[in-house]
Amino acid sequence: MMSDLKSTGLTPSPADKRRQKTRSLAIAGALVFLAILFYLITIFKMGAGILNKGI
Amino acid sequence: MNGRATTVDEPAGDVLSAGSVRDFIALLKPRVMTLVVFTALVGLVAAPGTMHPGLAAIAILCIAVGGGASGALNMWYDADIDAKMRRTADRPVPGGRILPGEALGFGLFLAAISVFTLGMATNWFAAGFLAFTIFFYVAVYTMWLKRRTPQNIVIGGAAGAFPPMVGWAAMTGGMSLESIVMFAIIFIWTPPHFWALALVKKADYGAAGVPMLPNVAGDAATRRQILWYSIALAFTGLLPTILGFNSLVYGAFAVLGGVWMIWLAADILRKADTAAEPKACWRMFGQSMLYLFVLFAIILLDKLAMQRGFW
């Protein structure tokens, strides 16, 4: 997004940069949350059956 | 350039919005989401069967995010009319803090991820139902009905009534008469709730060109419709007891709530065209929300009590 800005002649203000940083962090947080969520779904769906494996 | 804080060397079009994380959360219509979450939870808990509590929590989260996606897509499409109404003019898109394309992308992403995750966590029938609910709210209500017919809120209200059925489907993989009854309660509840608002916001809706019932059929017809729907709601609220899904304890609360809704509707009629009418409309709008929350809370508690043999 920042490179987009430069290519169009817009200069982000400090407030813009702060907002962008917060948004980027929120997106990163959401992605980490999603990854954890998919791990949890897998673990919950395995259930207790995972312990009954043959030797 | 309202809300765009970037300094400009030369005109460059819309490349960066000034939207904060809070603005993106506002796109999800958090207040509407609470109703979606709660009714979906009741549908899920009332349904027969068992599920890992973690998966149940993830299912509710998916339904909430799906509801939020609907809100974001609605705000993307309706930005032009939102800008004309005082109640909605400061929403993130008409307020200029979020670009329409950002709202569209955000909504589509959330819709896809919520449907996919619900399918992974529970079953694909529930996921399909959630996808259909989002489609119904965005395409059928927002894009098609809202600007064309005063019955917009009647038919479109189905979208807000689906969440308990989606919650039920997440648990059972299907639907049943009991989940359809929960749908019916919210479906019948929706028109009087929003028409009470439409009566006091008639000028706003008129300015935006949204054909709400008071603008098209007049205030008197709207007040009568609010009363008829409230009577129908009082009866529909009793169906869980009549059909044996809930106990007489729930039935007693449903009678009280139904009578209260009819009284509120009659109060609007009684105060028609007086200075006290707006207050009566606001009371109907606020307390009908409370009615629905309490009714579904009692459905839930009664169901749990019945499942545990308390009565």
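Predicted model: local features only at pLDDT ≥ 70, side-chain atom pairs only at ≥ 80, totals over all residues.
Contact requires C-beta atoms, placed from the backbone, within 7 Å.

Local features need pLDDT of at least 70 and side-chain atom pairs 80 or more, while totals for chains, interfaces and linings use all residues. Residues are numbered from 1 along each chain as its sequence is written, with chains lettered from A and ligands numbered from 1 in the order written.

**The H5–H6 pair of chain B**
- The axes of H5 (residues 100–121) and H6 (residues 124–145) come within 7 Å and cross at roughly 160°. H5(B) is therefore roughly antiparallel to H6(B) (an angle over 145 degrees).
- Axes are lines fitted to C-alpha atoms over the stretch in contact, with angles from 0 to 180 degrees between N-to-C directions.
- The crossing of H5(B) and H6(B) is right-handed (the near helix is turned clockwise from the far one by less than a right angle).

- Helices are DSSP runs of H or I with at least four residues, strands are runs of E with at least two, and both are numbered from the N terminus.
- The expected span is 1.5 Å times one less than the number of residues.
- H3(B) is mostly covered, with 20 of its 25 residues buried. Buried means 20 or more other C-beta atoms within 10 Å, exposed 12 or fewer, and partly exposed in between.
- H13(B), residues 248–270, reaches 32 Å from its first C-alpha to its last, close to the expected 33 Å.
- Buried residues of H13(B) include B:Tyr250, B:Phe253, B:Met261 and B:Ile268. Their cover includes helices H9 (177–200), H12 (219–242) and H14 (277–307) of chain B.
- H14(B) has 31 residues and reaches 44 Å, close to the expected 45 Å. Just after H14(B), B:Gly309 takes a positive phi of about 75°.

**Buried loop residues of chain B**
- B:Leu27 sits in the loop between H1 (21–26) and H2. B:Leu27 counts as buried because 25 C-beta neighbours lie inside 10 Å.
- Leaving out residues up to four places away in sequence, B:Leu27 touches B:Gly71, B:Ala72, B:Met75, B:Pro92, B:Ile98, B:Ala103 and B:Phe106.
- B:Ala47 lies in the loop between H2 (30–46) and H3 (53–77). With 24 other C-beta atoms within 10 Å, B:Ala47 is buried.
- Beyond its neighbours within four places in sequence, B:Ala47 is in contact with B:Trp168, B:Met171 and B:Thr172.

**Positive phi in non-glycine residues**
- B:Lys29 has a positive phi of about 50° although it is not a glycine. B:Lys29 lies in the loop between H1 and H2 of chain B and is partly exposed, with 19 other C-beta atoms within 10 Å.
- B:Asp273, also not a glycine, has a positive phi of about 60°. B:Asp273 lies in the loop between H13 and H14 of chain B and is exposed, with 9 other C-beta atoms within 10 Å.

**Chain A**
- Chain A has two helices and one strand, in the order α-β-α from the N terminus.
- Buried residues make up 5% of its 55 residues.

Conventions. Contact = placed C-beta atoms within 7 Å. Parallel < 35°, antiparallel > 145°, perpendicular 65-115°, else oblique.
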